[in-house]
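Dear colleague,

I am handing over the structure below, and after it you will find a short account of what was found. Please read the two side by side.

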Amino acid sequence: MDGMPTTGGMTKHRIDSLVDGIFAVAMTLLVIELKIPESAHVQNNTGLLNAFGHLVPKFISWVISFFVLTLFWFGHHRSFHYVKHVDARLIALNLLFLAFVTLMPFASALSGEYVILLAAQVFYSFNMIMVALFAMLITRYIHMHPALCNQPMSTGVYRAARFRTGMLIVISLMAIVIGSYIPAAGNSAFMLMMIVGPIARKIEAKHTRLGNETRTLSI
């Protein structure tokens, strides 16, 4: 039965609901830092524009964080599309994954507020790495345990997901390196995520095509 309880009544659907709720809260909390500080004493248009200028690093951090969380949310649902029921280890991986998701608003605020400090960049990138790592482990666990699935996750889907998360880890490390040489420029590395998606789709399409050709030859 779909969503069959296997760990004290826990079902796949409860994990889905928890993931949706935590992502919704985390993505909402990101915007809290986008506010004009009371100390700005804005009295005219020029003062307001200057205050907006000080918000630019926070805005950039918000855009990156919201975009990346959207990718993780979509990727998680795509992986869990294959899941029929959960076990204790898959639940544990999801909880660790969500722990670092809840830390994203703080990491994003830290990166935006102290944009010129390398320690802020390191913390932000480290949190990104941990979210990506546990997303990768969840996808790998689902792929390696087809007994938990309605249908096995294809090799193409798994490798595309692994490429996306793996590249985010690499990009996060690049952000630290860039930030150590050019303060406030580390987050520019995350712009590379725009080309990761199209490449991942090509990887998935390639393996799907090869799989279809293999099945055709075996008939």
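H13 is found in helix α1, where helices are DSSP runs of H or I with at least four residues, numbered from the N terminus. In sequence H13 and V83 are 70 residues apart, while their C-alpha atoms are 9.9 Å apart in space.

Please bear in mind that this is a predicted model, in which local features need pLDDT of at least 70 and side-chain atom pairs count only at pLDDT 80 or more, whereas totals for chains, interfaces and linings use all residues. Residues are numbered from 1 along each chain as its sequence is written, and side-chain values use heavy atoms, with hydrogens and water left out.

Turning to α5 (residues 104-113), seven of its ten residues are buried, so this helix is largely enclosed by the rest of the structure. The buried residues of α5 are M104, P105, A107, S108, A109, S111 and G112, and what covers them includes α1 (12-29), α3 (56-80), α4 (88-102) and α6.

Helix α5 packs with helix α6 (residues 118-144) at an angle of about 150°, their axes being 8 Å apart; axes are lines fitted to C-alpha atoms over the stretch in contact, and angles run from 0 to 180 degrees between N-to-C directions. That makes α5 roughly antiparallel to α6 (angles over 145 degrees count as roughly antiparallel, and those under 35 as roughly parallel). The contact, meaning heavy atoms within 4.5 Å, is made by M104, F106, A107, S108, L110 and S111 of α5 together with A120, F123, Y124, N127 and M128 of α6.

As for α3, its 25 residues should span 36 Å at 1.5 Å a residue, and its end C-alpha atoms are 36 Å apart, which agrees (the expected span is 1.5 Å times one less than the number of residues). The buried residues of α3, which include K58, L69 and H76, pack against α1, α4, α5, α6 and α7 (155-181).

Finally, α3 and α6 pack at an angle of about 10°, with their axes 10 Å apart, and the two helices are therefore roughly parallel to each other. In this contact S61, I64, S65, V68, F72, H76, S79 and F80 of α3 meet Y124, M128, V131, A132, A135, I138, T139 and I142 of α6.

With kind regards

Definitions and conventions: Parallel < 35°, antiparallel > 145°, perpendicular 65-115°, else oblique. Buried < 20%, exposed > 50% of the residue type's maximum accessible area, 1.4 Å probe, protein only.
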